[in-house]
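Here is my note on the fold. Please read it with the model open.

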Amino acid sequence: MQTSFIKTIFIIFISLIFSMEVFAKDKIYILPLVKQEDVIVYLKNNLSKIFSLEVEVLENIEIPLYSYNPRRKQYNSTLVLKELLKDKFKGYTLAICDVDLYAEGLNFVFGEASFLNKICIISLTRLRQEYYGLPKNNNLFLERTLKEAVHELGHLFGLGHCSNPKCVMYFSNSILDTDKKDFNFCILCKKKLKNVN
Ligand SMILES: [Zn+2]
Ligand SMILES: [Zn+2]
């Protein structure tokens with residue numbers, strides 16, 4: 001009786017150590033393709049709170065030029081992600097750029113995620129009020145960057161789009177959708193997130 005009790009305690013102890021070790025391997029990396037220190041610091045602090053993970057900022061790199069489409073005057077986000085993958089980043093990588101992005105079949109995208117490769121990208125360009133001919137609003141801009149970052153990272157953690165317009169995983173067709181949603185996950189998405197991690 002006593003032996004089996006000790007055995008159970010031992011198994012619990014080992015699995016606890018194991019789960020902690022697995023958790024420690026999960027880390028979010030911010031890969032800046034733009035020099036915008038305030039955004040990087042803001043995202044680093046807030047993403048670590050939302051995902052309860054350590055966030056590390058990587059060295060700045062240049063956006064791959066061949067992903068530029070001169071006809072559209074936009075960068076192909078799928079090609080950017082493909083190029084970035086050559087550097088083989090470990091953990092969950094969030095690239096941040098400040099050029100207008102598009103994906104095949106879409107006029108533009110706020111970001112794109114590659115679940116299999118654990119890498120995603122967001123663009124700051126369409127998150128500024130000035131882009132829409134409106135006066136600058138830095139708080140609103142930062143809030144939008146967080147929503148887009150959490151959304152794309154949510155895809156890396158296995159979440160799909162959510163039908164709740166308040167949930168961060170709701171698909172943003174326009175900046176109005178982004179403004180309507182929260183920077184956090186709805187209860188259902190939170191539950192799913194717990195199950196995959
Ligand atoms: Zn999405
Ligand atoms: Zn949701």
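How many bridges join strand E1 to strand E2, and do the strands run parallel or antiparallel?

1. Four bridges join E1 (residues 27-32) to E2 (residues 54-57), and the two run parallel. Ile28 sits opposite Val55 in E2. Between E1 and E2 the chain passes through helix H2 (residues 37-51), a right-handed β-α-β crossover. Right-handed here means a clockwise path from first strand over helix to second, with the strands pointing away from the viewer. Helices (H or I, at least four residues) and strands (E, at least two) are DSSP runs numbered from the N terminus. Strands pair if DSSP finds at least two bridges between them.

2. This is a predicted model; local features need pLDDT of at least 70, side-chain atom pairs count only at pLDDT 80 or more, and totals for chains, interfaces and linings use all residues. Residues are numbered from 1 along each chain as its sequence is written, with chains lettered from A and ligands numbered from 1 in the order in which they are written.

3. The open sheet has five strands, ordered E2-E1-E5-E8-E7, with mixed pairing. E2 and E7 (111-114) are at the edges with a single partner strand each, so one side of each lacks a neighbour in the sheet.

4. E1 also pairs with E5 (residues 92-97), parallel, over five bridges. Tyr29 has Thr93 as its bridge partner in E5.

5. Helix H3 (residues 77-84) has four names to check: Ser77, Val80, Leu81 and Leu84 are its buried residues (20 or more other C-beta atoms within 10 Å of their own, C-beta atoms being placed from the backbone). Seen down the H3 axis, they fall within an arc of 95°, so they line one face of the helix. The arc is taken over directions from the helix axis to the C-beta atoms.

Conventions: Buried ≥ 20, exposed ≤ 12 C-beta atoms within 10 Å, placed from the backbone.
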